[in-house]
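Visitor: I have a structure open and I'd like to learn how to read it. Could you take me through a few features?

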Amino acid sequence: ELAMILGHEVGHIAARHSARSMSNRTLASILVTGAAIYGATRADNSATAQAAYVLGGVAAVIGLQGFSRSYEREADTLGLRYLQALGYPPEHAYSVFAAMGINRSLQEAVSLRLSGQVPSKSGFYDILRSHPEPKERMRRVADDVGKPAKPSVEYGTAFGNDTIGRDRYLDLIDNLAYGPTPKEGVMARNHYYNSAGRFKLSIPDGFVFQYFYGDKKAGFWRGHNAESNMLMTFANHNSDTERNSEEVLRILAPRARGISFIKTNGRTIATGSYWQEEGHKTVGFNKIYVVPLIAENSEDGEQIGRKFIILKFTAGDDAIRHAGKQNKNRIVEKPFDKATFDKLFFNTITDKIINSFTPLTKTQARNLSPLRLKVYTVGRGDTLEKLANKMSFGDMRIEMLRALNGLPENYTPQPQQKIKLVVNPNN
């Protein structure tokens, strides 16, 4: 499978797809320019001219994406040829695209939890997608070279059929780092670790998290709890000037009220909250904590600095609306009701998380590790649920396990087979 991925990329190079794409982009530029000139000379108003320009651009983009999909198919074909020439059983390329399909389903499920919506299924979305659908690519492999008799998880010396080198591959990736670094923050099943701030927090069950990479590698963690309909965000904040936690809170959340402070181990954490209003209607509740980080030359936490961790908790409709693109809560059945909102329950959860704040020594912070990929041999009595519970993720552990190992639906693990798990070495 790894050889297929490498062969596919080499196929792009051998077929000179980059050079051909540059030629196609030049053609697209001519199309857009031609549409603009036509609109300017023939249109009787500026709106029509603008429409002509936009339509010319759309036509060019669709044309380029069409070229891109054909390139992907060509690279798939070349990858299969390379596999055959190298002596690998080429039918196992089928498993690559099957795993892509499983992973895509996982990403759609996570997107639903984090934003209340999944990527568009419209025909236009399909036209603009640069790669063919995984099912199409699976079908083409099956037509060209057939498909494996068993899923790849059922190969290896324990089954007497390690023709694809699976055991050797698993030996090489065992203990591989998985996910963000400790400086970016490690989100394990029930703990969050941060080496830059030298602290850890306890996270309750029921959250599904995803890390989003931002500009200049300044990413953030976002998690959703379906039971409490709560959204949790962990983000780094760098100030241009030295400030205390209250100043940062007032800058980031000028509407925050009831500002108070939690003092722990020399640090002052500022917190405040505010209602989310839209059109004279309350749609959510937000609570923010500003945690100052520790300077490299300081043994204790400092109250004034330039680096902070921002923890934001959101409940209600606003908790699953991303960037204001959604008007209704598709996850919970009832709309947010300010009159019956159990703010005390919400505050209990958030305060419990913050009160679990535990500072780390320099040595402890330095020894923090990212999550690790571990190869596990299935034992008798190991069900999919039991194996998933070994994973260092919160909610949706079974879905994560299936995506990680390319497991078909309703798959039953077999004794002695090797599977990949993600574990937390910081326990």
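Visitor: Is H12 mostly covered or mostly exposed, and how many of its residues are buried?

Guide: A quick word on the model before that. It is a predicted one, where local features need pLDDT of at least 70 and side-chain atom pairs count only at pLDDT 80 or more, while totals for chains, interfaces and linings use all residues. Residues are numbered from 1 along each chain as its sequence is written, and side-chain values use heavy atoms, with hydrogens and water left out.

Guide: Now, buried means under 20% relative accessible area, exposed over 50%, and partly exposed in between (1.4 Å probe, protein chains only). Helices (H or I, at least four residues) and strands (E, at least two) are DSSP runs, numbered from the N terminus. H12 is mostly covered, with seven of its nine residues buried. Among them are Met400, Leu401 and Leu404. Just after H12 comes Gly406, with a positive phi of about 60 degrees.

Visitor: Which strands does H12 lie across?

Guide: Strands of a sheet pair through backbone hydrogen bonds, either parallel or antiparallel. Here, two strands pair if DSSP finds at least two bridges between them. H12 (residues 397-405) lies across S1, S13 and S14. Those three strands make an open, antiparallel sheet in the order S1-S13-S14. S1 (177-178) and S14 (418-423) are at the edges with a single partner strand each, so one side of each has no neighbour in the sheet. Look at S1 and S13 (residues 371-377): they pair over two bridges, and Ala177 has Arg372 as its bridge partner in S13.

Visitor: At what angle does H12 run to S14?

Guide: Axes are lines fitted to C-alpha atoms, for helices over the stretch in contact (heavy atoms within 4.5 Å). Angles run from 0 to 180 degrees between N-to-C directions. H12 runs at about 130 degrees to S14, whereas H7 (residues 166-173), lying across S13 and S14, runs at about 15 degrees to S14.
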